[in-house]
Amino acid sequence: MGMDLAAQPFNTLDRGRYRRKVQRCLDTLARMLTDGSFSFPRKNIGLEVELNLVDRELRPSMTNTAVLEALDDPSFTTELGQHNIELNVPPRPLAGDSALQLEDDLRAYLATAASKARDTGSSLAMIGILPTLKHEHFDQKWLTNQTRYATLNDQIFAARGERTVLAMEGAPLPGQQPERLRSYAESILPEAACTSVQLHLQVAPEEFAAHWNAAQCLAGPQIALASNSPFLLGKALWHETRIPLFLQATDTRPEELKNQGVRPRVWFGERWITSIFDLFEENVRYFPGLLPETDVEDPIEALDAGQAPKLTELRMHNGTIWRWNRPVYDVVDGLPHLRIENRVLPAGPTVVDTVANAAFFYGAQRALAEAERPVWSQMSFQAAEENLYAGARRGFEAQLYWPGIGWIPPDELALRVLLPLAHEGLRRSDVSDEARERYLGIIERRCLARRTGATWQRDYVLRAQERGLDREAALTRMLGRYLELSETGEPVHTWQLDD
């Protein structure tokens with residue numbers, strides 16, 4: 001989805017040509033997996049961070065074009081909404097002090113971006129959902145001015161044939177009744193409200209299935225321990241409202257297709273896998289093309305000529321199916337490789353929290369993937385999916401299922417099981433003791449304090465309302481204080497509720 005599209009509309013011939021080309025790409029991938037065509041010198045990691053821009057009143061600032069022009073740095077790029085930009089941190093190995101360097105690099109990138117944003121009258125906000133967003137900010141005119149975004153918007157609405165419905169019931173604030181959202185949108189811009197951190201891990205083909213299955217098992221605990229998106233359109237909803245919002249904002253299914261069991265394009269999946277091919281094959285089998293543009297390459301001819309095929313159509317198709325753990329095929333410096341893209345986490349609250357979340361994921365994922373008896377052999381796929389939604393909805397108050405234990409709160413699961421696994425996984429990855437202790441220590445203290453970005457936001461807004469502010473004023477004041485604390489760099493578990 002990083003490439004732009006031609007401006008002309010698609011027709012029926014385009015769709016037939018695209019379907020055939022996607023299948024040819026899939027056949028090429030199957031052959032590459034059989035022939036051992038993939039480069040794998042070491043396990044590189046990568047990280048993407050989506051950011052919000054706000055104005056002096058802390059409302060969305062539709063200035064991403066001006067900010068990106070001021071930055072003039074290919075590490076920063078557009079996102080769907082004009083109040084979003086994205087940072088792509090260069091990949092690196094996981095071993096040694098790489099995580100410490102990642103923290104330093106991320107701070108430097110964000111400091112530069114913040115400085116350039118200030119020159120345009122904006123500020124950066126690293127948060128899962130911007131709490132000052134209003135319905136007016138979902139107007140189609142606020143789409144970033146690039147063909148691919150307008151085309152994606154048009155294709156999703158053409159497939160669904162009706163307005164976007166945003167409907168969810170929240171986890172109640174302490175002492176309050178649950179709040180409900182029922183709203184509509186005439187564009188896919190509610191997706192732009194969902195700002196996330198995406199973690200990438202390069203893996204060998206033969207190791208991919210175990211690492212993907214492990215990532216699926218971790219999704220529920222991950223989101224419960226790192227939730228940071230509790231408010232949308234003035235309502236207190238899920239601790240990680242991004243999870244249902246992303247699904248609803250990009251849903252191509254009218255109610256009738258939902259009732260028939262047609263799969264959503266934001267998808268957890270439906271089974272454990274034995275190969276990365278399983279995921280790409282499911283994508284091709286279940287989902288029609290949204291952006292059916294083709295290029296001139298014949299991937300099988302490219303492979304026969306000793307080249308790494310681009311598999312452009314398969315990659316484009318994969319980019320319009322938003323699995324929470326997505327398979328990635330890519331070519332860098334003429335060499336093909338495979339990655340897992342973990343899309344569960346929200347942005348923020350701080351740089352050090354972000355790196356701690358990444359270290360926890362990479363460590364626990366490796367330990368689970370290399371376990372003698374895999375946890376997914378003891379756990380239904382449905383249980384892993386239910387853990388995701390429970391963790392997203394209730395945060396630390398969720399009850400998650402884990403084999404050998406049963407139902408357990410996520411903080412206790414992390415302290416008893418997952419943090420020891422993460423320590424072991426990082427040791428096996430040759431991560432330095434300093435980095436391992438620093439970042440996993442933050443996760444441990446977050447669990448002991450039971451404080452995430454979501455719990456802090458919810459508690460702050462509740463206290464502000466008890467002191468007489470209405471919800472809108474409370475959200476604005478909370479966001480202002482959130483940005484002040486985020487700039488200090490102190491991890492969220494240390495944040496107090498005082499002004």
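This is a predicted model: local features need pLDDT of at least 70, side-chain atom pairs count only at pLDDT 80 or more; totals for chains, interfaces and linings use all residues.

I then looked up its partner, and Glu-207 forms a salt bridge with Lys-43, with 3.8 Å between the closest N and O atoms. The pair joins distant parts of the chain, since Glu-207 sits in helix 5 and Lys-43 in the loop between helix 1 and strand 1, 164 residues apart.

Next I turned to Glu-282 and Arg-323, whose side chains meet in a salt bridge at 2.9 Å, N to O. This pair also links distant parts of the chain, with Glu-282 in helix 8 and Arg-323 in strand 11, 41 residues apart. I noted that Glu-282 is buried at 1% relative accessibility, and that Arg-323 is buried with a relative accessible area of 1%.

Within helix 14, I found Arg-436 and Asp-433 three residues apart, about one turn of the helix, and their side chains form a salt bridge of 3.0 Å, N to O. Searching the whole structure, I recorded 40 salt bridges.

Last, I followed helix 13, residues 410-428, which bends by about 45° at Leu-418, with Pro-420 following within four residues. Its buried residues, including Val-417 and Leu-418, pack against several elements, among them helix 5 and helix 14. Just after helix 13, I noted that Asp-430 takes a positive phi of about 65°.

Definitions and conventions:
Residues are numbered from 1 along each chain as its sequence is written. Side-chain values use heavy atoms; hydrogens and water are left out. The bend at a residue is the angle between axes fitted to the seven residues ending there and the seven starting there. Helices (H or I, at least four residues) and strands (E, at least two) are DSSP runs, numbered from the N terminus. Buried means under 20% relative accessible area, exposed over 50%, partly exposed in between (1.4 Å probe, protein chains only). Contact means heavy atoms within 4.5 Å. A salt bridge is a side-chain nitrogen of Lys or Arg within 4 Å of a carboxyl oxygen of Asp or Glu.
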